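This briefing covers the fold, the salt bridges and the surface patches of the structure shown below. Points are grouped by topic.

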Amino acid sequence: MRPAITAKNGASLIADRAEKVVETTSGNLLECTTVRSVYIVGRKDDFRPGEKRAPRGTRAQDADGLEPAAGKAGQRYHPIFPYAGSLAMVAAAFAVGFALRHLIGISDIALVFLTAVLASAVSYGLWPSLFASLASVLAYDFFFLPPIYSLLIADPENVVTLITFVIVAVIVSNLAARVRAQALAARQHARTTEDLYLFARALAGIADLDELLRATARQIALMLDRRALLLLPQDDWIVLRAAYPQDDCLDEAELAAAQWAWLSDRPAGRGTDAVFGVRRLFLPLHTGRGPVGVVGLDSNDPAGTEPLLTADQHRLLQALADQAALAIERHRLAQDVEEGRVAAANEQLRAALLASISHDLRTPLAGILGSATSLKNFRRMFDDATQDELIATIQEEAERLNRFIANLLDMTRLEARAVRPHVEIVDLGDLVGSALDRARKVLARHHVSVECDKDLPMLQLDPVLFEQVLFNLLDNAAKYAPVGTQIRLSAGRQGDVVRLLITDGGSGIPPEDLKRVFDKFHRVHAADRRRVGTGLGLAICKGFVEAMDGTITAGNRDEGQGAVFTIAFPVPATQTPLPEAAA
Amino acid sequence: MTPTAALPKVLIVDDEPAIRRFLRTSLTAQGYLVAEADTGSETLEHLRRSPADVPVLDLGLPDIDGLDIIERLRTEGARMPIVVLSIRADEVGKVRALDLGADDYITKPFGIDELLARIRAALRHRLQPEDEPPLFRCGDLMVDLGRRIVKLRGVELKLTPLEYDLLRVLVAHAGKVLTHRFILHEVWGGDGEIQYLRIYIRSLRQKIEPHPEQPCCIMTEQGVGYRMRAPD
């Protein structure tokens with residue numbers, strides 16, 4: 001055909017190019033997949049009208065923000081559409097040719113039709129472009145080759161032109177269609193890659209393991225258009241953790257297959273050598289550190305006889321599985337780190353607890369035991385005052401021990417979340433009174449003043465817990481404020497909140513300790529003081545107050561020295577009406 | 001209360017020998033006769049034999065729950081005073097023991113003077129229930145239940161009928177803890193609510209206490225009830 005096409009007319013130009021393509025591809029047309037051609041046609045492809053490529057934003061409206069890959073992009077038109085389009089292109093070519101028929105030669109009009117064929121091939125693929133070729137040949141022959149309005153051809157040269165046209169059109173259709181297919185594949189590939197990237201990025205942002213597994217199962221299912229399951233090991237057994245669709249579950253045989261895949265680190269089930277009589281395929285997920293779980297796949301067809309995955313899908317699955325495995329392992333590592341951190345904190349706390357217990361239990365015991373043995377051995381040598389002093393020591397130290405043990409018990413209840421506030425409508429003044437009564441001995445060497453507004457509203461509190469909070473705060477004030485100073489309790493309503501302030505005349509709380517005074521076993525260090533706290537009282541206050549939905553804060557006085565502890569509780573919405581006027 | 005000769009025998013019920021020893025020596029020194037028991041069945045047996053004895057009862061016994069012992073004694077019609085030894089942070093148990101018929105409680109650990117006060121108060125009400133002293137004095141407060149007169153530092157106070165009823169119930173059981181339920185039943189006939197009680201206690205305190213926030217007559221036992229201080 002080569003000499004025939006090198007004719008003098010316009011078709012020769014096209015034939016020339018076609019020849020070059022044919023030469024480069026003569027070995028094997030199927031292998032004509034040069035990157036350059038994909039690139040060039042791909043750009044053109046991007047501008048192609050007609051195909052709906054939804055913007056990213058509208059596709060990513062899923063709950064977890066993960067965007068499934070579009071399975072078959074741009075193939076959702078009615079089958080007749082490409083042919084109609086091709087026909088329209090040929091019609092357009094006809095119109096152009098008809099308009100220019102007096103300006104250009106008859107062979108050049110073939111070139112116009114060839115353009116339509118090329119456009120059809122690029123837009124719609126092989127068969128529509130062959131259809132366009134046929135339509136072009138007929139139109140060219142009928143309307144342009146003399147005698148016009150007839151399919152007959154008078155001039156033999158025109159016969160050659162027409163045959164050349166047919167050959168070139170078919171070759172162009174073939175090549176352009178192939179290039180188009182490659183462009184589509186490349187774009188699909190690019191989109192898959194982008195989806196994988198987005199998937200990996202989304203996984204990195206998920207902290208909760210279950211959510212991570214759900215998102216992964218969903219992504220695998222949507223990208224492969226299959227049903228997906230994720231299984232993770234738990235106590236030596238592989239357990240179903242996530243599925244898409246969510247109600248999928250496994251039977252015994254499938255679990256056995258999954259377990260086998262997990263233990264042997266090899267695929268099991270459908271399409272493998274370890275079938276187990278199940279229709280699902282199970283693939284182990286692993287990272288460089290070893291296996292982390294199993295992914296299960298099933299097709300949507302009821303019979304389950306078709307091959308589960310194409311080679312491409314298999315590669316995609318591998319990529320997804322790698323991402324999922326990395327995400328799961330990352331989660332594991334984060335968990336390990338967190339557990340380590342908690343363990344270290346617990347260790348520190350345990351050390352503090354032991355130090356506190358050994359000190360705070362032994363110190364009063366030493367006083368009691370020492371005084372008791374002194375009295376036992378040397379009672380007759382002591383005068384009455386000395387005996388009274390030793391007896392008072394025994395009593396005071398025993399009471400101190402009792403308070404410490406009570407605090408330990410309260411702390412244990414808080415730690416075990418065993419504190420259930422028994423909330424009642426209470427009178428704050430009543431609580432202040434009973435707390436002061438209980439703390440009378442502790443406060444014996446301080447001046448206490450109480451200033452409560454007369455018309456304080458009733459509050460919703462647990463009276464027992466709240467009395468303990470007040471007692472601990474008074475005890476704390478008595479420990480840190482020098483003997484003889486004033487401890488002030490004041491309460492008042494401010495809007496919807498009642499505030500109770502306990503102010504002492506000590507040296508106040510060092511700024512660096514303000515945030516930590518409520519921490520367990522944190523004691524404000526005071527080198528010149530003999531009696532320091534146990535590091536429990538304020539932690540209990542905070543725990544109890546918060547259990548009753550109140551707040552407690554620590555600060556220092558604005559004027560003068562001393563610490564201020566402020567407890568705030570909301571005023572209940574409704575105050576109890578009285579059955580009889582109280583006044 | 002007449003001394004020594006009229007003192008009843010106290011039955012010390014506790015499974016801890018150290019507690020029994022300390023109670024035995026102290027109570028004996030105060031002139032009480034003392035018996036001991038370390039199980040619930042022994043206690044019931046002893047009290048059926050000697051129904052006049054006063055048990056000081058630990059609630060945590062190895063064989064029978066202390067609450068069951070109180071219930072059984074009261075359903076059998078026993079009228080002796082019962083003082084319960086309770087542990088801290090068990091307000092529900094304390095209230096339950098009082099509602100079942102215990103006269104008072106004391107929380108371990110305790111000082112002997114507190115226990116003696118509880119026993120005295122319980123004995124006073126059990127042994128002379130109908131013969132209330134006509135005049136009650138506590139600090140600056142004077143209450144004459146016979147003539148319905150209340151005076152603070154010699155000045156007569158005006159109380160509302162409900163306030164007076166509340167004060168009367170508290171004074172009639174002075175020295176003894178009264179549960180919210182008991183007071184509500186005595187004053188409101190059982191259909192009152194606990195917040196009414198708190199509001200009336202507050203208004204009563206504002207009238208009879210020199211410093212209502214630091215009361216010296218009507219003491220609050222948080223989570224349990226109120227106690228009028230024993231008369232001077």
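A salt bridge is a side-chain nitrogen of Lys or Arg within 4 Å of a carboxyl oxygen of Asp or Glu. Arg227(A), Asp248(A), Glu254(A) and Arg280(A) are linked in a network of such bridges, and the structure holds 35 salt bridges over all chains. The model is predicted: local features need pLDDT of at least 70, side-chain atom pairs count only at pLDDT 80 or more, and totals for chains, interfaces and linings use all residues. Residues are numbered from 1 along each chain as its sequence is written, chains are lettered from A and ligands numbered from 1 in the order in which they are written, and side-chain values use heavy atoms, with hydrogens and water left out.

**Chain totals**

- Chain A has 15 helices and twelve strands, while chain B has eight helices and twelve strands; helices (H or I, at least four residues) and strands (E, at least two) are DSSP runs, numbered from the N terminus.
- Of the 583 residues in chain A, 44% are buried, and of the 232 residues in chain B, 54% are buried. Buried means under 20% relative accessible area, exposed over 50%, and partly exposed in between (1.4 Å probe, protein chains only).
- Contact means heavy atoms within 4.5 Å. Among the contacts in chain A with a separation of 6 or more, 67% are between residues 24 or more positions apart; in chain B, 58% of the contacts between residues at least 6 apart in sequence join residues at least 24 apart.
- Chain A exposes about 31,500 Å², of which carbon and sulfur atoms supply 58%. Chain B exposes about 10,600 Å², with 50% supplied by carbon and sulfur atoms. Accessible areas come from the Shrake-Rupley method with a 1.4 Å probe; for residues, only the protein chains shown count as cover.

**Salt bridges**

- Arg279(A) forms a salt bridge with Asp298(A), with the closest N and O atoms 3.1 Å apart. Arg279(A) lies in the loop between strand 3 (268-269) and strand 4 (281-287) of chain A and Asp298(A) in strand 5 (residues 290-298) of chain A, so the pair ties together parts that are 19 residues apart in sequence.
- Arg279(A) is partly exposed at 27% relative accessibility, whereas Asp298(A) is buried, with a relative accessible area of 6%.
- In chain B, Arg20(B) forms a salt bridge with Glu36(B), the closest N and O atoms being 3.0 Å apart. The pair ties together parts that are 16 residues apart in sequence, because Arg20(B) lies in helix 1 (residues 17-29) of chain B and Glu36(B) in strand 2 (residues 33-37) of chain B.
- Arg20(B) is buried, with a relative accessible area of 13%, and Glu36(B) is partly exposed, with 29%.
- Lys176(B) forms a salt bridge with Asp103(B), and the closest N and O atoms are 3.8 Å apart. Lys176(B) lies in the loop between helix 6 (161-172) and strand 10 (177-179) of chain B and Asp103(B) in the loop between helix 4 and strand 5 (104-107) of chain B, so the pair ties together parts that are 73 residues apart in sequence.
- Lys176(B) counts as buried at 13% relative accessibility, and Asp103(B) counts as buried at 1%.

**Surface patches in chain A**

- Patches are made of residues with over 30% relative accessible area and no salt bridge: like charges are joined within 9 Å, and nonpolar side chains (Val, Leu, Ile, Met, Phe, Trp, Tyr) within 5 Å.
- Phe98(A), Leu134(A), Leu138(A), Phe142(A), Phe143(A), Ile148(A), Tyr149(A) and Leu151(A) form a nonpolar surface patch, with about 740 Å² of accessible area together.
- Helix 7 (residues 126-143) of chain A gives the most to the nonpolar patch, with four residues.
- Phe98(A) lies in helix 5 (residues 81-100) of chain A and counts as partly exposed at 34% relative accessibility.
- Asp383(A), Asp384(A), Asp388(A) and Glu389(A) form a negative surface patch. Lys and Arg count as positive and Asp and Glu as negative; His and the chain ends are not counted. The place of a charge is taken as NZ of Lys, CZ of Arg, CG of Asp or CD of Glu.
- Asp388(A) is found in helix 12 (residues 384-415) of chain A.

- Arg205(B), in helix 8 (residues 194-208) of chain B, is buried, with a relative accessible area of 3%.
- Leaving aside neighbours within four places in sequence, Arg205(B) is in contact with Asp430(A), Pro212(B), Pro215(B), Ile218(B), Met219(B), Thr220(B) and Tyr226(B).
- Asp99(B), in helix 4 (residues 91-100) of chain B, is partly exposed, with a relative accessible area of 31%.
- Apart from neighbours within four places in sequence, Asp99(B) is in contact with Thr179(B) and Arg181(B).
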